[in-house]
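Dear colleague,

Please find below the structure that I am handing over to you, followed by an account of what was found in it. I would be grateful if you kept the model open while reading.

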Amino acid sequence: MHLPIAEIKVGVVGGGSWGSAIAHLLGLKGFHLDWWIYEAEVCEQIEKLRENKVFLPEILISRNAVPTTDIGQAVSDKDLVAVVVPSHHLRDVACRMKAYIGKNTILVSASKGIENKTYLTMSAVLKEVTAHHRICVLSGPSFASEVARQVPTVVTVAAEEPETAFFAQHVFAAPFFRVYTSNDITGVELGGAVKNVIAIASGIVDGLGLGFNTRAALITRGLVEIRRLGLKLGARPETFTGLAGVGDLILTCTGELSRNHTVGKKIGEGLKLKEILSGMRMVAEGIKTAESVYHLSKRLNVEMPICHQVYRILYDDLSPKEALYLLMTRELKQETDDP
């Protein structure tokens, strides 16, 4: 990257756990950045204590990250803006950002999900709302709290234009945060979104007290479903064997820090979704993405039986044991899809 850090103007939009981790990461690198946070009380807390006790507790956030409730301050006159908000809020936030986005600003979508009803990925929502085209996607196996604690983490940034991906790669890369590039935006986004649905299923497996055999099979067949949908939408198959595919899937399906796995586990243990959500402030993206994946796969005629059963458990009150029985007794077939 040709510009020194002092000359690159950076903003972060989103004050959840991942937004906080990204703001902290960029602050540690030496960027003096403006950081938009929706909740006034969270913003004030970070200003006073340098800690986001709600979404990223026990992390002393870099003083280079300046919190604000003024979205214009975070977005205006920036070379790069990381957008890190829950998928179901992205459209509204993008509308608020639109007037402040500079012609040459690079928007980095670090949100994971597929919008309900439109079935658009997060970068597609940004592009539709803002009419901006310098957009890239950051994804991969990256729990926020571990990134904030500088645990070695490796991710991918994808963009249509190589120079856009290259710029974002060098903005984010740090000794503990390695960044690869890709030009397969569709594959990288779908891997990051649909794995959350499979992670709910993995949590259900654990909540039911089933074994490692079951979980391994679920992750493997879940990857097949992600790949099927991706190929139907024009993604490259090799993306799903990379960090944004199998890497993120393994992390979210097995890591105790995964909110989606936690939701699934509680369902497997017998709790209802409403009970679980009433005790959660942070978002488990797989809940809403399950609805999008179900309807999108039906529309495209893509076979995704695990995702369909997760949808039925979440929205039709199907019992997890019945869903498991239906999956295990489906028509027998060969393992690999026809080329």
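Of the 339 residues of the chain, 54% count as buried, where buried means under 20% relative accessible area, exposed means over 50%, and partly exposed lies in between (1.4 Å probe, protein chains only). This is a predicted model, in which local features need pLDDT of at least 70 and side-chain atom pairs count only at pLDDT 80 or more, while totals for chains, interfaces and linings use all residues. Residues are numbered from 1 along each chain as its sequence is written, and side-chain values use heavy atoms, with hydrogens and water left out.

The chain as a whole

The chain holds 15 helices and eight strands; helices (H or I, at least four residues) and strands (E, at least two) are DSSP runs, numbered from the N terminus. Its C-alpha atoms fill a box of roughly 60 × 40 × 35 Å along the principal axes. The radius of gyration is 20 Å, which agrees with the value near 20 Å for a compact globule of 339 residues. That radius is taken over C-alpha atoms, and the globule rule is 2.2 Å times the number of residues to the power 0.38.

Contact means heavy atoms within 4.5 Å. Among contacts between residues at least 6 apart in sequence, 70% join residues at least 24 apart. The accessible surface comes to about 15,400 Å², and 52% of it belongs to carbon and sulfur atoms; these areas come from the Shrake-Rupley method with a 1.4 Å probe, and for residues only the protein chains shown count as cover.

Charges and salt bridges

The chain has 37 positive and 37 negative side chains, and the centres of the two sets lie 1 Å apart. Lys and Arg count as positive and Asp and Glu as negative, whereas His and the chain ends are not counted. The place of a charge is taken as NZ of Lys, CZ of Arg, CG of Asp or CD of Glu.

Side chains of opposite charge can pair when their charged atoms come close. A salt bridge is a side-chain nitrogen of Lys or Arg within 4 Å of a carboxyl oxygen of Asp or Glu, and by this rule the count comes to 16. One of them joins E128 and R91 at 2.8 Å, N to O. E128 lies in helix α5 and R91 in helix α4 (residues 90-97), so the pair ties together parts that are 37 residues apart in sequence. Both ends are partly exposed: E128 has a relative accessibility of 49%, and R91 has 23%.

Which residues meet D248 in salt bridges? The side chain of K112 meets D248 at 2.7 Å, N to O. This pair links distant parts of the chain, with K112 in the loop between β5 and α5 and D248 in helix α10, 136 residues apart. The side chain of K195 also meets D248, at 3.6 Å, N to O. D248 is buried, with a relative accessible area of 1%, and K195 counts as buried at 6%.

Helix α10

Helix α10 covers residues 243-254, and its buried residues are A244, G245, G247, D248, L249, T252 and C253. What covers them includes β6 (135-139), α8, α9 (212-232) and α11 (259-268).

A buried charge without a salt bridge

D184 is found in the loop between β8 (177-182) and α8 (185-207). D184 is buried yet has no salt bridge, and the nearest side chain of opposite charge, R236, is 4.9 Å away. Leaving aside neighbours within four places in sequence, D184 is in contact with A158, A235, R236 and T239.

Other residues to look at

S17 lies in helix α1 (residues 17-29) and counts as buried at 10% relative accessibility. Not counting residues up to four places away in sequence, S17 touches F55, L56, A144, R259 and M282.

Two further residues concern the backbone. E58 has a positive phi of about 70° although it is not a glycine. E58 lies in the loop between α2 (40-49) and β3 (65-68) and counts as exposed, at 74% relative accessibility. Y119 has a positive phi of about 60° and is likewise not a glycine. Y119 lies in the loop between β5 (106-109) and α5 (122-130) and is buried, with a relative accessible area of 18%.

Yours sincerely
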